Each structure stands twice: as structure tokens, then as C-alpha cells.
Amino acid sequence: MPRVLTFINIVLAVGLLACIGVTAYSAILILREAIQAQKLDQFSGVAIGALIAVVGTCLTALASLYTTNRQAEVTAFVEKARVNAQEDLTKLQEVITARLDKLRADSAADLERLKKTLDFQTTAHRELAGAAAMYFYALRSSAIDTFNGDELERAETRMIETSRHLTYVADSFEDDWLAFWQAAQAIKRDAKEHPDPSQRSLVVAKGMEGKDHEKMDLRDGYASLKEKAKRAVS
């Protein structure tokens, strides 16, 4: 701990000690002369009393100076401790603020990534369900009306184009979508390969009922796929 005593305080302390020493020495001299003379006259008594009073005053002043300096030391120590505590608190606040800022930045980045992921997933479900709907209704139209191979090929192309979105959907949805596509392809293929063009619509109708394909009833498969897509984007 640094000393608080200044140069002036040191000079005062040394002066008071010197004063005490000189006064005490003078009193001793007077007292010795009185002892040698075997008589203590009135002047000597007054002088010794005055010297003793001076010594007392000097001691009191020295004690006051010491007390003042000790108080100054304590005050300086307390002030330094307060400043150090304030600096530590400021540093701690800076660290906490920096960590909170980083946490907010990380949270914002995570939220943005989550938002983008959800946007991709929503778009993927809509595109995949839309392609499946196009294929289903193209087959349905061929089943209840005239077989239209060109429309089915456009639906097939749409399925191929939207298959890139499978990356952003759950495995269960991907499996159902691919199963629907395979079933729809099988119906289209069987119809196109039928030698009698007038019977191709009937082949499609029977295929959509699931009578010719064990894997899936196309209508039930499409209904399930559409419901899962709705839940995913809601």
C-alpha cells in the first residue's frame, strides 16, 4: 500500500520529535541544576512545568499528525479498493455484454437458418404434392375420358423436375411420394402398351382402383400424400 505521508508531513513529524527532544533535554538540565543546588526555586519550577507542557503539546500534535495520516491512508485504501471494484465491475459488464451480443447474434443466425429450412420444406411439400396432383388428375382424366398420352408424359416430366425437392422432406413423405410415382408409372405404362387404344382408358381406370397393382390403390395413396403435405405446410 503506498504511503500517504507527504514531504511536509515528514518534516512536521521530524520537527515535533526534535522539539520534544530539545524540550525534554532542557527540562533535564534545569532539573539537574536544581538537584545540584539542592534547591528548586520558583523559576525553575515554572520552567520545568512549561517545558513539560510543551512536551505534552508536541506529543499531542504528533499523535494528531499520525492519526490524520492513518486516516488518509485508510481513505486512500478504501478509494483504491472502490476504484478497483468499479474497474472489475466494468470489465465484468463488458464480458457479459459481449457474451449476450454473441448469443443474440448466434440466435438470430440460427433463427434465420431455421426460417430458410422451413421455407425450403414448405416449398418442397407444395411442389411435390402439386406434381403428384397433376399426375393423379391426368390419369383420372384418361380413365373417365379419352386416353391422353401427351398429358401423362407432361405429368411424368413434372414429377422428374420436382424430384429435386425430395432432399427437404421427411423420409416417410419421400417414400410415399416415390411409391405413388411408381404406381402411376405402372398404370401409364400398362395403358400405353395395351394393343387396343380404345381399351386404354379402361386399363387406367382399373389400375387406379388397385386391381392390377398390389403395391398401392392410387386414389388412397394420393389422398394420403395430399394430407401429409397439408400438415407439413400448415
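Tutor: Arg82 has a relative accessible area of 49% and is partly exposed, a class that lies between buried (under 20%) and exposed (over 50%), computed with a 1.4 Å probe on protein chains only. Its partner in a salt bridge is Glu79, with 2.6 Å between the closest N and O atoms. The term salt bridge requires a side-chain nitrogen of Lys or Arg within 4 Å of a carboxyl oxygen of Asp or Glu. Glu79 is likewise partly exposed, at 38%. Arg82 and Glu79 are three residues apart in helix H2 (residues 42-144), so about one helical turn separates them. Helices here are DSSP runs of H or I with at least four residues, strands are runs of E with at least two, and both are numbered from the N terminus.

The model is predicted: local features need pLDDT of at least 70 and side-chain atom pairs 80 or more, while totals for chains, interfaces and linings use all residues. Residues are numbered from 1 along each chain as its sequence is written, and side-chain values use heavy atoms, without hydrogens and water.

Asp101 is partly exposed at 37%. Arg158 and Glu127 form another salt bridge, at 3.6 Å. This pair links distant parts of the chain, with Arg158 in helix H3 (residues 149-162) and Glu127 in helix H2, 31 residues apart. Arg158 is partly exposed at 27%, and Glu127 at 28%.

Glu153, Glu156, Lys188 and Lys192 form a salt-bridge network. The whole structure has nine salt bridges.
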